[in-house]
Amino acid sequence: MTIKRLTLVLALCAAVTASAQKFPGLALTPPMGWNSWNTFAANINENLVKETADAMIANGMRDAGYTYIVVDDCWETMERDARGNLVPDPKKFPSGMKALGDYLHAKGFKFGIHSCAGTKTCGGYPGGRGHEFQDALAYASWGIDFLKYDWCEHGTADARETYKTMRDAIHAAGRPMIFSLCEWGQNKPWEWAGDVGHMWRTTGDIYSSYDGRKGWESGWKRNLDLQYTLVESNGPDGIGKYAGPGHWNDPDMLEVGTEGLTFGESRAHFSLWCIVAAPLIAGNDVRHMEPVYRDMLTNKDVLAIDQDALGKQGFRALADPGKNIEIWVRELSNGEWAVCALNTSSAAADLTVEWSRLWTIQGKFSVHDVWANKAAGDTGKSLTARVDSHDVVLFRLTPTKS
Ligand code: GLA
């Protein structure tokens with residue numbers, strides 16, 4: 001680091017004490033975008049990222065709101081340079097990160113990158129510990145708009161203090177960035193990260209499965225169950241209450257359209273992520289996506305549930321294993337509700353939604369079947385629908401004037 005740069009870093013450190021805060025006004029609805037990890041892991045390069053961006057323009061994802069393109073782990077060289085700077089791998093990113101950021105910005109995207117609060121990333125690349133202010137300046141100079149910050153190799157570090165340091169470094173560097181904490185829910189970030197980051201992981205890693213378990217990785221239903229707030233007689237409970245505009249629980253990225261899920265399982269995963277106001281970060285290869293998954297990811301009426309301005313996280317309102325059904329609900333703006341019935345059995349089943357059992361939803365509503373895009377009566381009468389295994393029916397309820 002040159003003397004000039006060192007002076008700048010020290011000045012920024014001093015400024016931080018006066019203005020420690022995260023960037024306000026970001027992520028007022030759950031962030032949407034794409035991330036390289038779920039499908040590509042370490043096999044990333046600048047052409048893949050550019051092709052992904054181009055595909056997301058062609059297939060309508062950008063215009064549907066998926067604007068953050070995030071390069072996950074393994075983009076760097078194994079060592080910092082002599083001045084302690086992170087160096088993009090010259091084989092994978094020969095044009096450098098600034099050029100990639102320019103490309104993405106010119107096409108109407110935001111640029112995201114991954115690093116780690118520990119000494120090394122989970123992939124074994126240099127982590128940010130002890131380099132927070134230096135790294136934040138580099139990210140700002142590359143045009144980074146979103147930082148995902150992991151938790152491998154953290155040793156005895158205190159999570160809250162460590163993430164606050166990076167928050168302050170980003171703020172001092174002066175470029176607004178969504179700060180995405182990837183601490184896996186180990187230190188209950190929902191209790192303290194509201195003024196540290198804009199979203200925080202609540203679970204270990206997702207993989208392409210309904211409810212499987214593979215070491216550190218879980219199917220989406222297991223991650224979902226960790227978000228839920230089951231309505232018992234005394235009302236909702238759980239971590240949903242910590243989410244809201246600017247600060248979201250993150251049950252991990254989407255596996256929609258990846259090969260371990262059936263069509264119905266992808267659709268249920270997507271619908272329920274919208275119910276729990278989750279960030280929608282696609283993880284599939286969007287360059288080679290079947291049209292049914294393109295249509296799923298870009299369905300405006302479903303996205304409107306995720307992006308509802310009220311920003312209230314939904315919850316599981318009813319679980320009736322004997323009837324193969326779970327019902328998840330989310331309060332929306334203007335007195336509307338989203339209601340999602342999941343078939344938990346391993347075969348197709350007739351699911352009956354008895355509106356009167358959903359006691360948090362008071363009043364009378366007309367019912368719209370969102371995926372089928374057709375009217376489905378009103379809440380005066382229970383409704384039965386044939387639903388495939390692990391698939392859902394999703395409704396939007398609008399109050400009727402009476
Ligand atoms: C952790 C994170 C993942 C991904 C990998 C990269 O496991 O939880 O989302 O970023 O690291 O190594």
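Predicted model: local features only at pLDDT ≥ 70, side-chain atom pairs only at ≥ 80, totals over all residues.

**Strands, helices and cores**

Student: Okay, and how many bridges join β1 to β2?

Tutor: There are 3 bridges between β1 and β2, and these strands run parallel. One of the residues to look for is G33, whose bridge partner in β2 is Y68.

Student: Are the residues of β1 buried or exposed?

Tutor: Strand β1 (residues 32–35) is covered on both faces. M32 and W34 on one side are buried, and so are G33 and N35 on the other. As background, side chains in a regular strand alternate between the two faces of the sheet.

Student: What sheet do these strands belong to?

Tutor: An open sheet of 8 strands, with parallel pairing, in the order β10-β6-β5-β4-β3-β2-β1-β11. The edges are taken by β10 (248–250) and β11 (280–282); each has a single partner strand, so one side of each has no neighbour in the sheet. On average, neighbouring strands here are turned by 25° against each other, direction ignored.

Student: How many residues of β3 are buried?

Tutor: 6 of its 7 residues are buried, so β3 is largely enclosed by the rest of the structure.

Student: Let's switch to helices. What about α6?

Tutor: Helix α6 (residues 132–142) is mostly covered, with 10 of its 11 residues buried. Among the buried ones are F133, L137, Y139 and W142. Just after α6 comes G143, with a positive phi of about 85°.

Student: Zooming out, how many helices and strands are there in the protein?

Tutor: The protein has 12 helices and 19 strands. Its radius of gyration is 22 Å, close to the 21 Å that the globule rule gives for 402 residues, so the protein is as compact as a globular protein of that length. The C-alpha trace spans about 75 × 45 × 40 Å along its principal axes. Of the 402 residues, 58% count as buried.

Student: How is the protein divided into domains?

Tutor: Into domain 1 (19–306) and domain 2 (315–399). Their C-alpha centres lie 30 Å apart. The contact between them takes 31 residues from domain 1 and 23 residues from domain 2.

Student: And which residues touch the most other members of the largest nonpolar core?

Tutor: Those are W75, Y139, Y163, W220 and F270, in a core of 100 residues. Domain 1 (19–306) and domain 2 (315–399) both give residues to this core, so it lies between them. Apart from it lies another core, of 23 residues, including I325, L358, I361 and L383. In general, nonpolar side chains in soluble globular proteins tend to be buried together.

Student: Why does S356 count as exposed?

Tutor: Because its relative accessible area is 69%, and exposed means over 50%. The C-alpha atoms of S356 and T379 are 8.0 Å apart, although these residues are separated by 23 residues along the chain.

Student: What share of contacts join residues at least 24 apart?

Tutor: Among contacts between residues at least 6 apart in sequence, 70% join residues at least 24 apart.

Terms used: Residues numbered from 1 in each chain as written. Heavy atoms only, no water. Core = buried A, V, L, I, M, F, W, Y, C linked by side-chain atoms within 4.5 Å. Buried < 20%, exposed > 50% of the residue type's maximum accessible area, 1.4 Å probe, protein only. Domains from an automatic or database assignment. Pairing = 2+ DSSP bridges. Helix = DSSP H or I, 4+ residues; strand = E, 2+ residues; numbered from the N terminus. Axes fitted to C-alpha atoms, helices over the stretch in contact; angles between N-to-C directions. Rg over C-alpha atoms; globule rule 2.2 N^0.38 Å. Contact = heavy atoms within 4.5 Å.
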